[in-house]
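Work through these exercises with the sequence and the model open side by side. Try each task before reading its solution.

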Amino acid sequence: MIKRNVNLQARNTLRLASTANACSEINNLEELHQAIIFSQAESLATIPLGEGSNVILQKSIDAHILDIRLCGMTKTKETESHVWIEVGAGVNWHEWVMHSINAQWFGLENLALIPGRVGAAPIQNIGAYGCEVSSLIDSVNFVNLQSSSSTGLAFDSLTAEQCQFAYRDSVFKQELASKTVITSVVFKLDKIFTPQLSYPALKGRLEQLIEQKKLDVIDAALVAEAVIAIRSEKLPDPKKLPNAGSFFKNIAINQQQLNTFLERHPNAPHFQYTHKDLADKIGYKIPAAWLIEQCGFKGQRSGDLGMHKDQALVLIHYRDNTTADTGAVEVIRFADSIIAAVKERFGFILEREPQTI
Ligand code: EPU
């Protein structure tokens, strides 16, 4: 059912005041078709929204928002070593991760507890604790909004390679931005478990768990448990402190830029970036959290906005002042003040991570 003038404040984890012209819940492809026909008739942009965990919603959105609930998990192929599972875009991400671990399909365990739904995962190529979802995606199925019409939906699919995955980026944020609704994602998962422990804090936490539980083998459920423990400690719960996860991307630089930077800031943390396709082009990351902390923003509050006391990369919307009506404009103004301070001090230009709608 299509609703008019819908308040989206409870539907975005930053809890920004926002109202959309129209909003529909999409449980199946027929509802998606009807919704697209409505948008076209009303000349409204069609914008899919999952759990609203990686968005900055403008105060007034002149568009038709789709709450994508497409469900289902189907095994489409199996070999001795791998399974291919097609998962509906509306499935909760963490539930899918835990389901895959229970089914003994491996690879997703480092990505436990990331907020959002499956359909959003390829768009910004979600990643954490040494793993990016791009390495586990076989293909992405979607509907092309421009070619769909009252006579039918225009289905399309891209292989992982065609998705042009990069650090927090994909074709769905570039050439195909605003042109598609992702309906399902096909994952290629391993039947044999190999722990990915390149992130030092994860390895440390696992060792602790192994000792506590007196175990002698690591399994995927234990890796997920360690990831959940680290995330719960470091990242604020949006239900208590509204936020959209990392608010800026880390700074990606090459060896020469790193050398110049380290001459001036010898103690700065830096990490080698080992994405299989981009290692040569990028090379190193400087944590944006460190740059922001150095500029004095960690734990600081300005009006109803601030950067978290334990993770300087997470922008918090404090909602203790009930008369305030904080929206995208205030958030972007505050973010701009951080971008300006970091640029002035370090010369790097931070890029916002959540998408503005
Ligand atoms: N650091 C600081 N100050 C802080 C926090 C961190 O100086 O307040 C420095 C430390 O040197 C630390 C380094 O930053 O070693 C990296 O911090 P952390 O491991 O917490 O990760 P991150 O680079 O800040 C990225 C992702 C997170 C993901 C973590 C863990 C991005 C934009 N963010 O954050 O993803 O969970 O790594 O792998 O790449 C998200 O995208 O919403 C998200 C939470």
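**Exercise 1. The end of a helix**

Task: Find the residue just after α1 that takes a positive phi, and then describe the helix itself.

Solution: 
- Step 1. Go to the residue just after α1. S43 has a positive phi of about 55 degrees there. Keep in mind that this is a predicted model.
- Step 2. Check the helix length. Helix α1 covers residues 29–42, which is 14 residues. From its first C-alpha to its last, α1 reaches 20 Å, close to the 20 Å expected at 1.5 Å a residue.
- Step 3. Look at the start of α1. A side-chain oxygen of N28 comes within 3.2 Å of the backbone nitrogen of E30.
- Step 4. List the buried residues, using a cut-off of under 20% relative accessible area. In α1 they are L32, H33, A35, I36, F38 and S39.
- Step 5. Relate that list to helix geometry. An α-helix has 3.6 residues a turn, so residues three or four places apart point the same way.

**Exercise 2. A strand with two partners**

Task: Is strand β7 largely enclosed or largely open, and why? Trace its pairing with β6 and with β12.

Solution: 
- Step 1. Count burial. Strand β7 spans residues 82–88, and six of its seven residues are buried, so the rest of the structure largely encloses it.
- Step 2. Take β6, residues 73–78. Five bridges join β6 to β7, and the two run antiparallel. They form a hairpin, with three residues between them.
- Step 3. M73 has V87 as its bridge partner in β7.
- Step 4. Turn to β12, residues 180–190. Seven bridges pair β12 with β7, again in the antiparallel sense. Here V87 has V185 as its bridge partner.
- Step 5. V87 is bridged to M73 and to V185 in β12.

**Exercise 3. The ligand shell**

Task: Which residues come nearest to the ligand, and how much of the ligand's area does the protein bury?

Solution: 
- Step 1. Start with the shell. There are 25 residues around the ligand, and Y129, Y167, Y199, N250 and E293 come nearest.
- Step 2. Sort the shell by type. It holds 13 nonpolar, five polar and seven charged residues.
- Step 3. R168 places one at 2.9 Å. N250 places one at 2.8 Å. K298 also has one at 2.8 Å from a ligand oxygen.
- Step 4. Work out cover. Taken alone, the ligand exposes 810 Å², and the protein buries 82% of that.
- Step 5. Name the elements. Those giving two or more residues to the shell are β8 (127–128), α4 (220–234), β13 (243–246) and α6 (288–294). The most comes from α6, with three residues.

Terms used: Residues numbered from 1 in each chain as written. Predicted model: local features only at pLDDT ≥ 70, side-chain atom pairs only at ≥ 80, totals over all residues. Heavy atoms only, no water. Buried < 20%, exposed > 50% of the residue type's maximum accessible area, 1.4 Å probe, protein only. Helix = DSSP H or I, 4+ residues; strand = E, 2+ residues; numbered from the N terminus. Pairing = 2+ DSSP bridges. Near = heavy atom within 4 Å. Polar contact = N/O pair within 3.5 Å; in protein donor to acceptor, adjacent residues only side chain to side chain. Areas by Shrake-Rupley, 256 points an atom, 1.4 Å probe, with all protein chains shown as cover. Nonpolar A, V, L, I, M, F, W, Y, C, P; charged D, E, K, R; others polar. Expected span 1.5 Å × (residues − 1).
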